[in-house]
Amino acid sequence: MPAASIRMRAALSCYLLIGVIQYGTVCAIDPGYIEAVEADVAEFASNEFHPPANSSWMGNADSGSVQLMDLNGFSAYLQEKSPGSYIFYKNLPGKFKGRLHRDYLTTGDIDRIKKDIFKYTRELKD
């Protein structure tokens, strides 16, 4: 177990213990929540978000965040959020679409993705 993970679990345990002592109430933390927090902390170290497998905190198969994890879901999301950019995106080769998808999962910056779509479109014309 990574050191950051151990520190995170210890901090959450201390928080719960203080809550029990102060308020006399026992609270349980969903292990999925702890995994989601650890994934968020790990993102700061690596600049990449790797969601925990089967985490109830990451949404279900119908939620937008999970749908964005695959290229088809990302394409549908882009078509909905930016139809103009999607017109150019759908004509890009797979390698560019994959790069855009990975960049969006890493940054979450749709404006940057839209700029990159036009950049890649120009590259193809040259």
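1. Ground rules. The model is predicted, with local features needing pLDDT of at least 70 and side-chain atom pairs counting only at pLDDT 80 or more, while totals for chains, interfaces and linings use all residues. Residues are numbered from 1 along each chain as its sequence is written, and side-chain values use heavy atoms, with hydrogens and water left out.

2. Overall make-up. The chain holds seven helices and zero strands, where helices (H or I, at least four residues) and strands (E, at least two) are DSSP runs numbered from the N terminus. Read from the N terminus, the order is α-α-α-α-α-α-α. Of the 126 residues, 29% count as buried; buried here means under 20% relative accessible area, exposed means over 50%, and partly exposed lies in between, with a 1.4 Å probe and protein chains only. Among contacts (heavy atoms within 4.5 Å) between residues at least 6 apart in sequence, 48% join residues at least 24 apart.

3. Helices α6 and α7. Do have a look at this pair: the axes of α6 (residues 94-107) and α7 (residues 110-125) come within 10 Å and cross at roughly 160°. Axes are lines fitted to C-alpha atoms, for helices over the stretch in contact, with angles from 0 to 180 degrees between N-to-C directions. The two helices are therefore roughly antiparallel, the class for angles over 145 degrees, as against under 35 for roughly parallel, 65 to 115 for roughly perpendicular and oblique for the rest.

4. Who meets whom in that pair. From α6, the residues are F96, R99, L100, D103, Y104 and T107, and they meet I110, R112, I113, D116, I117, Y120, E123 and L124 of α7. By type, the residues of this contact are eight nonpolar, one polar and five charged. In this scheme Ala, Val, Leu, Ile, Met, Phe, Trp, Tyr, Cys and Pro are nonpolar, Asp, Glu, Lys and Arg are charged, and the others, Gly among them, are polar.

5. Helices α4 and α6. The axes of α4 (residues 71-81) and α6 also come within 10 Å, crossing at roughly 80°. That makes α4 roughly perpendicular to α6. L71, F74 and Y77 of α4 make the contact with K97, G98, L100, H101 and Y104 of α6. The residues of this contact divide into five nonpolar, two polar and one charged.

6. H101. Leaving aside residues up to four places away in sequence, H101 touches L68, M69, D70, L71 and F74.

7. Salt bridges. Side chains of opposite charge can pair when their charged atoms come close. The structure holds two salt bridges, each defined as a side-chain nitrogen of Lys or Arg within 4 Å of a carboxyl oxygen of Asp or Glu. D111 pairs with K114, the closest N and O atoms being 3.8 Å apart. These two are three residues apart in α7, and so separated by about one helical turn. D111 is partly exposed at 46%, and K114 is partly exposed at 27%.

8. The other bridge. R112 forms a salt bridge with D116, with closest N and O atoms 3.9 Å apart. Both lie in α7, four residues apart, about one turn of the helix. R112 is partly exposed, with a relative accessible area of 37%, whereas D116 is buried at 11%. R112 and D116 are also among the α7 residues that meet α6.
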